[in-house]
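Colleague: I would like a close look at one part of this model, the ligand surroundings. Please also set that part in the context of the rest of the chain.

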Amino acid sequence: MALMTGNDYRESLRKRKPITVFLYGERVDNPVDHPIIKASINSVALTYDLANDPQYRDLMTAKSILTGNTINRFCHLHQSTEDLQTKVKMLRLIGQKCGTCFQRCVGMDALNSVFLTTHEIDKKHGTNYHERFIEYVKLAEGKDWTIDGAMTDPKGDRSKRPSEQVDPDIYVHVVQRREDGVVIRGAKAHQTGAINSHGHLIMPTLNMREDDHDYAICCAVPADAHGITYYYGRQSSDQRRLDVSPEGDIDCGNPVYGGQECLVVYDNVFVPNERIFMDGETTFTPRLVESFAAYHRQSYGGCKVGVGDILIGAAATIAQYNGVLQASHIRDKITEMTHLNETLYACGMACSACGTQTPAGNYLVDILLANVCKQNVTRFPFEIARLLQDIAGGLFVTCPSARELHNPQTRTIIEKYLAGAEGVETVNRIKMLRLIENLTLGRAAVGYLTESMHGAGSPQAQRIMIHRLAGIEEKQKLAKALAQIED
Ligand code: SF4
Ligand code: FE
């Protein structure tokens with residue numbers, strides 16, 4: 001099955017072996033249909049449905065370099081700078097459609113970074129990781145998998161190396177080596193969409209030293225592998241999905257789509273040899289971490305921009321409902337939101353256009369520009385959200401619940417006093433306010449704001465890379481040459 005539909009994807013999740021998921025202190029027997037988890041699955045399902053929509057096929061699909069088949073772009077190894085740019089456009093499109101994190105990009109970014117790194121390890125060490133990895137990619141493409149790119153370990157005491165931690169499990173590591181594979185233990189934190197995935201591609205989270213040998217492990221396991229437990233991450237206002245008024249889920253703000261983050265614990269999980277793509281080659285951990293980070297920092301120049309488009313649309317709509325759309329200060333604020341959002345897009349496109357081919361054959365973004373992109377993402381969405389809240393007025397946090405709309409005793413009062421401009425239905429004004437609440441304070445704010453700050457690495461991680469790649473000495477030479485200084 002080369003291209004699944006959203007429903008095929010949902011069915012494929014149901015066909016997994018039972019997985020252990022904890023949410024609100026209880027084990028969830030059927031994660032696929034749980035009202036909170038379902039919303040996050042709807043977002044991933046879009047990556048399948050849009051690939052089957054003739055209008056979006058060029059953006060959403062690609063030709064596999066391994067088999068020549070048409071595949072979902074989320075499983076694609078980028079073949080040109082155009083491919084890299086198309087990826088950014090695709091992520092913007094999906095962000096526009098769901099207004100939240102649609103989770104599948106982490107796997108795409110992991111596929112590309114492990115592909116290029118395994119090639120380089122083999123060249124130096126004579127291993128056969130790349131060949132194994134190609135077989136894994138073929139499987140992922142052919143089965144149209146959603147893959148959790150699992151990089152971030154819980155890290156414990158940040159001043160200590162993985163091998164120096166009091167609890168050795170605080171970073172994922174090999175606890176047993178067998179003839180047929182290895183056994184791993186540890187956890188990955190902030191895992192985007194892991195419960196909604198078919199498999200996990202596990203990578204080391206930082207540059208390992210020789211002592212951290214057992215922690216330099218890159219491997220793949222099925223999402224339903226024995227020994228994996230998922231702990232669902234609570235997000236602001238998530239229980240709104242359980243408290244649906246008879247009037248509908250107006251108070252959710254974004255009734256259909258949601259994101260997903262969780263803690264994943266690997267308790268003695270077996271990995272067969274053919275799914276091991278790095279085991280102890282510590283000197284290649286920087287290459288893997290930095291290339292993965294660069295791809296995912298590029299991604300933010302697409303997905304967050306798509307969600308930013310929704311914030312801009314919401315700003316204009318609520319201004320219209322309030323009768324102030326033509327006010328000059330409103331127009332100016334919307335212009336500023338657009339300027340900031342398009343700057344992020346420009347960064348995403350620029351690091352793609354300046355990408356280069358790796359020795360393995362796939363294309364990697366310009367690492368400096370990808371880090372600049374993400375550094376801007378740690379700031380601009382906050383300003384865009386601030387401007388939206390400014391334009392919206394305070395009602396998005398003081399608005400009575402949808403249940404007051406349902407109660408005949410209170411409905412007329414709500415409709416009378418929450419009315420906006422003439423001809424605007426009060427219920428529509430409330431829906432837009434709830435969307436604004438969702439995007440800037442609620443569940444989608446996790447994906448739009450906090451993830452903009454910390455996803456794909458917190459701001460300082462980008463500053464380290466920007467400083468390292470800044471070429472300061474070259475720039476000093478330029479300045480000295482102009483000033484005619486020879487020292
Ligand atoms: Fe994709 Fe953006 Fe979510 Fe990362 S944050 S998984 S790039 S939608
Ligand atoms: Fe992310």
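**Ligand surroundings and the domains**

Modeller: In this predicted model, the centres of domain 1 and domain 2, taken over C-alpha atoms, are separated by 24 Å. Domain 1 covers residues 6-281 and domain 2 covers 288-478. Where they meet, 61 residues of domain 1 are in contact with 53 residues of domain 2.

The ligands come next. The shell around ligand 1 takes residues from both domain 1 and domain 2, so ligand 1 lies between them. Its members are Cys 101, Phe 102, Gln 103, Cys 105, Val 106, His 296, Ser 299, Tyr 300, Cys 303, Lys 304 and Glu 451. Two elements, α5 (105-125) and α7, each give two or more residues to this shell. Helix α7 gives the largest share, five residues. Sorted by class, the shell has six nonpolar, three polar and two charged residues.

Two members of that shell, Tyr 300 and Glu 451, also coordinate the iron ion, ligand 2. The donor atoms are OH of Tyr 300 and OE of Glu 451, at 2.2 to 2.4 Å. The pair brings together distant parts of the chain: Tyr 300 belongs to helix α7 (residues 285-321) and Glu 451 to helix α15 (residues 443-454), 151 residues apart. Tyr 300 and Glu 451 are both buried.

Leaving aside residues up to four places away in sequence, Ile 184 touches Val 172, His 173, Val 174, Val 175, Ile 202, Ile 217, Cys 219, Tyr 266, Asp 267, Asn 268, Val 269 and Val 271. Asn 268 has a positive phi of about 55° although it is not a glycine. With a relative accessible area of 37%, Asn 268 is partly exposed.

Ala 456 lies in the loop between α15 and α16 (459-469), and its phi is near 60° in a residue other than glycine. Ala 456 has a relative accessible area of 19%; because the limit for buried is under 20%, Ala 456 counts as buried.

One more loop residue brings separate parts of the chain together. Gly 355 is placed in the loop between α8 (328-353) and β13 (356-357), and at 11% relative accessibility it counts as buried. Gly 355 and Glu 82 are 273 residues apart along the chain, with their C-alpha atoms separated by 9.3 Å. Apart from residues up to four places away in sequence, Gly 355 touches Thr 81, Leu 84, Tyr 363, Leu 364, Val 365 and Asp 366.

How values were computed:
Residues numbered from 1 in each chain as written. Chains lettered and ligands numbered in written order. Predicted model: local features only at pLDDT ≥ 70, side-chain atom pairs only at ≥ 80, totals over all residues. Heavy atoms only, no water. Donors = N, O, S within 2.8 Å, 3.2 Å for Na, K, Ca; no water. Helix = DSSP H or I, 4+ residues; strand = E, 2+ residues; numbered from the N terminus. Buried < 20%, exposed > 50% of the residue type's maximum accessible area, 1.4 Å probe, protein only. Near = heavy atom within 4 Å. Nonpolar A, V, L, I, M, F, W, Y, C, P; charged D, E, K, R; others polar. Domains from an automatic or database assignment. Contact = heavy atoms within 4.5 Å.
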